[in-house]
Structure formats: C-alpha cells, structure tokens
Amino acid sequence: MSLANDLTLTIHFVGLFMGGASAFGLPVVGALVDKAEPAHKPVLGQAVKPLKRIGHIGLGLLLVTGVLMATAGGVWGSGSSLFWLKLVLVAALVAGIVNAGKTGARAMSGDTAAAARMPMLSMINIALVGLILIFAVLAFN
C-alpha cells in the first residue's frame, strides 16, 4: 500500500472516530439536558454545538476519503453487492444525521414531541454506523 493510500485510510479512520464521538456523545448530552434543572439546561446545551461540529467534520472526512479510496481502488465499476449495500447505508446515515439535526434543534427550542423522537433517531443512526462498519469489513476483506 502506498503512502498516499495509508494516509487516506488514516484520515478515514480519524473521520470515523470523530463521527463516533458525535454519534455517541450527542445522545448522552441530550439525555442530560432533558433531566437537568431548567437553570442548567443552557450550560449543558452548549456541549451540543461542538459535538455536532466534530460529527459534521468527521462525516465530511469520511465521505471525501471514502470516494478517494473507492476511486483509487477501482471499486466504482466492480464493487461487490456488499459495497453497494454499504453505500446505501451511508446515504441513509447522512439522511438520518440531517433529520436528527433538525429534530434536535426543535427539541432544544422546547418542542417536546421532537425531544421524544430524539432517542429513537439516535439509536437508528448508531445502528446504521454499526451496519456500515460490518458491511465495510465484509466488502473489503
């Protein structure tokens, strides 16, 4: 493997770690905000913005490096069905992140129905991350 490929894979893993920190951190902070006294909610809510930013940067790194690796590896035309299923799951995750971001913003502004949906959206997105990892290992092993 060339140095460029090694560096791209390393950056891809950094994006994965950043996305994971956000995927697991945001639901924890959200649960704390829900249970906090009203005076403490704004302080806890301040943790949401940097976690979201870390997650968005991580997702961007994953998308860019994933495209680079797939292009360099010649996977686009000859990818296995597991690779294509992984890409469908990635698209679902991106849609899930957008949905969770919009729902989370409504929840932080006091929408109780949105707040009630957040735990399920978080669990779906975490499950998608797990499935993407499984299919990535199967597709590239």
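**View 1. Helix 1 passes helix 6 in a left-handed crossing.** Left-handed means that the near helix is turned anticlockwise from the far one by less than a right angle. This is a predicted model: local features need pLDDT of at least 70, side-chain atom pairs count only at pLDDT 80 or more, and totals for chains, interfaces and linings use all residues. Residues are numbered from 1 along each chain as its sequence is written, and side-chain values use heavy atoms, without hydrogens or water. The axes of helix 1 and helix 6 lie 9 Å apart, at an angle of about 155° (lines fitted to C-alpha atoms over the stretch in contact; angles from 0 to 180 degrees between N-to-C directions). The pair is therefore roughly antiparallel (over 145 degrees). Helix 1 brings Leu-16, Ala-23, Phe-24 and Pro-27 to this meeting. Helix 6 answers with Ser-122, Ile-126 and Leu-133.

**View 2. The whole chain holds six helices and zero strands.** Helices here are DSSP runs of H or I, at least four residues, and strands are runs of E, at least two, numbered from the N terminus. From that end, the order of elements reads α-α-α-α-α-α. The C-alpha trace spans about 55 × 30 × 20 Å along its principal axes. The chain has 141 residues, and 28% of them count as buried (under 20% relative accessible area, 1.4 Å probe).

**View 3. Helix 5 packs against helix 6 at about 160°.** Helix 5 covers residues 81-108, and helix 6 covers residues 112-140. Their axes are 9 Å apart. That angle makes helix 5 roughly antiparallel to helix 6. The crossing is left-handed. The residues in this contact divide into 23 nonpolar, five polar and three charged.

**View 4. Asn-125 sits in helix 6.** Asn-125 counts as buried because its relative accessibility is 10%. Beyond residues up to four places away in sequence, Asn-125 touches Leu-93, Gly-96, Ile-97 and Ala-100.

**View 5. Helix 3 (residues 48-72) packs against helix 5.** The angle is about 160°, and the axes are 12 Å apart. These two helices are therefore roughly antiparallel to each other. Their crossing is left-handed. On the helix 3 side, the contact takes in Val-48, Lys-52, His-56, Leu-59, Leu-63 and Ala-70. On the helix 5 side stand Phe-83, Val-90, Val-94, Ile-97, Gly-101 and Met-108. Nine of the contact residues are nonpolar, two are polar and one is charged.

**View 6. Val-29 belongs to helix 1 (residues 3-35).** Val-29 is buried, because its relative accessible area is 12%. Leaving out residues up to four places away in sequence, Val-29 touches Leu-44, Ala-47, Val-48 and Leu-51. Ala-136 is 107 residues from Val-29 along the chain, and the two C-alpha atoms are separated by 29 Å.

Conventions: Angles under 35 degrees count as roughly parallel, over 145 as roughly antiparallel, 65 to 115 as roughly perpendicular and the rest as oblique. Ala, Val, Leu, Ile, Met, Phe, Trp, Tyr, Cys and Pro count as nonpolar, Asp, Glu, Lys and Arg as charged, and the others, Gly among them, as polar. Buried means under 20% relative accessible area, exposed over 50%, partly exposed in between (1.4 Å probe, protein chains only). Contact means heavy atoms within 4.5 Å.
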